[in-house]
Amino acid sequence: MAFAAFATAEAQPQAPKKRSRIALFLLLPGIAYLVLFFLTPLISLVLTSLQAPREFGDIGEFDYAFNWQNYVTVVQQYLPHIARSFGYALAATVLALLFSYPLAYFIGVKARRWPLLQSLMLVLVIAPFFISFLLRTLAWKQILSDESFIITSLKALSLMAPDAHFTGTPFAVIFGLTYNFIPFMTLPLYTTLERLDTRYLEAGSDLYANPFTVFRKITVPLSMPGIVAGTLLTFIPAAGDYVNASRDFLGGPDTQMMGNVIEANFLVLLNYPVAAALSIILMAAILVLVGIYVKRSGTEDLL
Amino acid sequence: MAVREFAERGADLELVGIQKRFPGFTAIEELDLVIPAGSFFALLGPSGCGKTTTLRLVAGLEEPTKGRILIGGKDVTDTKSHERPVNTVFQSYALFPHMTIIENVAFGLKRRRIGDPLGKAHEALKLVELDHIAQRKPQQLSGGQQQRVALARAIVNRPALLLLDEPLGALDLKLRRQMQLELKTIQEEVGLTFLHVTHDQEEAMTMADTVAVMNNGVIEQMGAPEELYELPRTSFVANFLGQSNLFTGAVVGTTGTAITVAAAGGRIVVPTSRAQRHQGEVTVGVRPEKVTLHVEEPGESSARSVLGPGRIVDVSFSGVSTQYLVDVAGAGTVVVFAQNMGFGPVAEVGTEVWLSWAIDHGFGLDDEPGEGGRFPADDSTRSIAVQRREALVSELEEH
Amino acid sequence: MSGEVQAGAALSGLAESEQQEARRPVRRPRGRRIGLGDWLLPAYTIIAFVFLLIPIAYTFVFSFNDSIKSNISWRGFTLDKWLNVCRVEGGAVCEAFGNSVVIGVTATVIATALGTMIAIALVRYRFRARSAISLLLFLPMATPEVVLGAGLAAQFLAVGVPKDMTTIILAHTMFCISFVVVTVKARVASLDPALEEAGRDLYASPAQVFRRITFPLLTPGILAAALLSFALSFDDFIIMNFNSGSTSTFPKYVYISASRGIPAEANVIASAVFLLALVLVIGAQVSRAARAKRLAKLG
């Protein structure tokens, strides 16, 4: 929705716009703030990523340099983490889309006749946001722990091997990412589906399309903006997340993602250049992927 | 705060050499206009002709590129909108949705710190017969009620000049007629100067004392409604206000009182006083309802112009009248409206007919023949399609 | 990205949907065979909501657990944790909660003010570098939070600013601005410029037009943006973790306690916040629906 919001056409014809010093006055504080606390930090991050360790320095002491080998080392050392970040994020995005589409369709299209029910269901979709992100992830950890009712039942029914675990596995991490970002997927989907004119669907079936074809040829293409916005809103934070994959939450030693490495290097190992280089790689990769994706799905105007 | 007091009465509005350019196009070429105090003046024209821009200039919502605006003899060109003794009834009404009706109406009075704003607002609401819903919000009102509130909100300030920006455009036909009457009554009651902008010729003609027809940023013709209709000076006016049959030809004879034009395979006589040009190539015309159909060739008469023979190509019955389209060699298609005095049409498609009209009903235009040409009539799908395409092409060229 | 990004966005979306309710033609599907959608979709929806609400129910239930230190297994019902939230660990949970509120309110006020100004300028004025500014507003939303957090931390490190509550507020304001702009911009764009012109026409000076017309009409959008900002700030852990120094906030408290078991008092606070938010949102929904019904009746 955030993405789409930048693209929405202005609803009212605006009076001829004026050039004015007022515009400057309105823009300057906010833009200056973003330059100071968003743009400059990104530059700092690039500079930090090229730093070299200070000779005879302590841990955490670095000098500005042009040590581009940092990137090579980082990629060699953390390739599995990079692969996991994008793999898990991709899996979580696909799962969230599969989970959310029918839900959004029901709320946005089928429930139109009952506006109050519709808005209450919408509240239920965002309800998980009202409770702490960390606590709800921890709740899943408890619910799906080895001693929990669900897992012991599955083991009793021989649906799971007796010595298998759920928490600590990649599945648990993907599960957590999916759960946590479902609302990010459902809401943009809902926004486009809610505007879907059902007369198009009727016209489709009038023109000899069966329900499946109507869905594939009419509903899906018309909800493309929501699909693109939802997948981006899910994929980007999922790729950078480190809470779900953390050992104290749903992850284990073999599920660490880029976010975990960045956090550990920055806050624990005080190895700033490595953390910075990984951050830059993460951001660049996401921007490239998003660019390609948006171009291929034919929704450039979204950005 | 310049205006702390009510205007005593309506004031003259004077526009001197006004020009308005926007980036990329010129909305008003050159405009000089005097609207006398107390009159009901209508600016009529198709969309994009510059009429709304004119109104916004007077309201102070736009600044002219060149020229002066005077209200009651005072130059207000450099005065801001909120300092002008002018109020507007907006096209969309623009009632403030977060205020009640009474708060809307009292808004201007409160800004000017005029005593007893609520009392005066209630009086204004009584004038438009809506005082019983003073506490409602605008969203709870029908279109007609909103329009009346917008009117009350403007006239309660007793402006020297009241501007109406197509205020009836959003209403259905019946309500519109009712509102037109009401507006006219109120104008006569309060004696303000009204400047009314509209694209609806009927609305302009029924309400205004003076109508100015605007096209492409200039006023084509101005005058009393009857005068405009009976004696249009340009082909644009002749076809924008009602329909006209126009014929172009050379002047072949002049007497003291009339000119004779060789056109449409015959001779058309127009009184000199009703013709703008008296020599060379001229365009003359006649209104369709002034034309009589004859199934036999009428005799020569010095009082009537005769065309024909022609053949009826279309007959359409519309209740009070029947419209005939007659193909006349050399004149193209001529439109005739005949009152339905008898039962059913008097002639059928294919009938050979002659056309005649009293020479006093003819008029001669000021246009250079060939320039501009015939304003496309909107009575056939084909001409509508042509108009649409032309509008689209010109729109594309603008960008 | 922290949890509640969409929560406020949805709030603002709901605020907008008020005018739109009437426009959709509501049509019953023509009589046809009972299709899959008639029972499968509603059934799926119910299951989906159960799934979405499980962890919330869990957190809520365990706020009544008579736990001793870690709150993992059920030991019996008690109201004690609700009644004495601040008693545990010398009030560490409450202190963290208080810090989160202070940070959230401060960041919200600044971000809402700055973002609203930008939103008005973007819709109402022409200026150069428009696309550059749009990009600058878009990028923070497309950047993973871990990068935002690490970037700011690197900056503070380079400049030598010690990390404390101020740095958290600076960070939160930064990422809230873009969301405020998006939310308020939609409202400004849907504002009929004729309303402001009518104000000018009715003798209101530019300042009065802003105070009496523009601002009141933008209020729902600004309010939604402020709620969104607060929710974003209150629930953010990732960015805050990089810039908090030794300052404790509620998410950080939870994160740190996660390894050794979280006291039930944290569940109490989370549940209370959840209930408060839910009551607010549902209350707004119901009153809006009631108003719409009343309007429909009158109209």
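Start by selecting residues 97-286 of chain C, where UniProt, in an unreviewed entry, places the feature "domain: ABC transmembrane type-1". UniProt positions follow the numbering used here, feature names are shortened, and annotations may be inferred rather than shown by experiment. Residues are numbered from 1 along each chain as its sequence is written, and chains are lettered from A and ligands numbered from 1 in the order in which they are written. This is a predicted model, in which local features need pLDDT of at least 70, side-chain atom pairs count only at pLDDT 80 or more, and totals for chains, interfaces and linings use all residues.

Keep that chain C span selected: 83% of it is helix and 0% is strand, and its end C-alpha atoms lie 30 Å apart. Helices (H or I, at least four residues) and strands (E, at least two) are DSSP runs, numbered from the N terminus.

**Stop two: Tyr203(C)**

Now pick Tyr203(C), in the loop between α8 (193-201) and α9 (206-235) of chain C. Its phi is positive, about 70°, although Tyr203(C) is not a glycine. Most residues other than glycine have a negative phi. Tyr203(C) counts as buried because it has 27 C-beta neighbours inside 10 Å. The cut-offs are 20 or more other C-beta atoms within 10 Å for buried, 12 or fewer for exposed, and partly exposed in between, with C-beta atoms placed from the backbone.

**Stop three: the sheets of chain B**

Switch to chain B and colour its open sheet of four strands, in the order β2-β1-β4-β5 with antiparallel pairing. Strands β2 (25-35) and β5 (74-75) of chain B stand at the edges with a single partner strand each, so one side of each has no neighbour in the sheet. Two strands pair if DSSP finds at least two bridges between them. Five bridges join β1 (residues 13-22) to β4 (residues 66-71) of chain B; look for Glu14(B) opposite Leu70(B).

Next, select β19 (residues 352-358) of chain B, which pairs in the antiparallel sense with β15 (residues 292-294) of chain B over three bridges. Here His294(B) stands opposite Trp354(B). Strand β19(B) also pairs with β16 (residues 304-317) of chain B, over six antiparallel bridges, and Arg304(B) has Ala358(B) as its bridge partner.

**Stop four: the largest nonpolar core**

Which residues touch the most other members of the largest nonpolar core? Select Leu278(A), Val105(B), Leu195(B), Val213(B) and Ala150(C), out of 270 residues in that core. Such a core is a set of buried Ala, Val, Leu, Ile, Met, Phe, Trp, Tyr and Cys residues joined through C-beta atoms within 7 Å. Helix α4 (residues 92-124) of chain C gives the largest share, 15 residues. Domain 1 (13-227) and domain 2 (243-386) of chain B both contribute, so the core lies between them. These bounds come from an automatic or database domain assignment, and the C-alpha centres of the two chain B domains lie 38 Å apart.

Zoom in on Val213(B): leaving aside neighbours within four places in sequence, its contacts include Leu44(B), Ile219(B), Val237(B) and Phe240(B). Contact means C-beta atoms, placed from the backbone, within 7 Å.

**Last stop: confidence in chain B**

The chain B average is 83, and 88% of the residues score at least 70. Within chain B, confidence is highest in helix α2 (residues 101-111), at a mean of 93, and lowest in helix α9 (residues 381-398), at 57. Over residues 371-381 of chain B, pLDDT is below 50.

Notes
Contact = placed C-beta atoms within 7 Å. pLDDT = per-residue confidence, 0-100.
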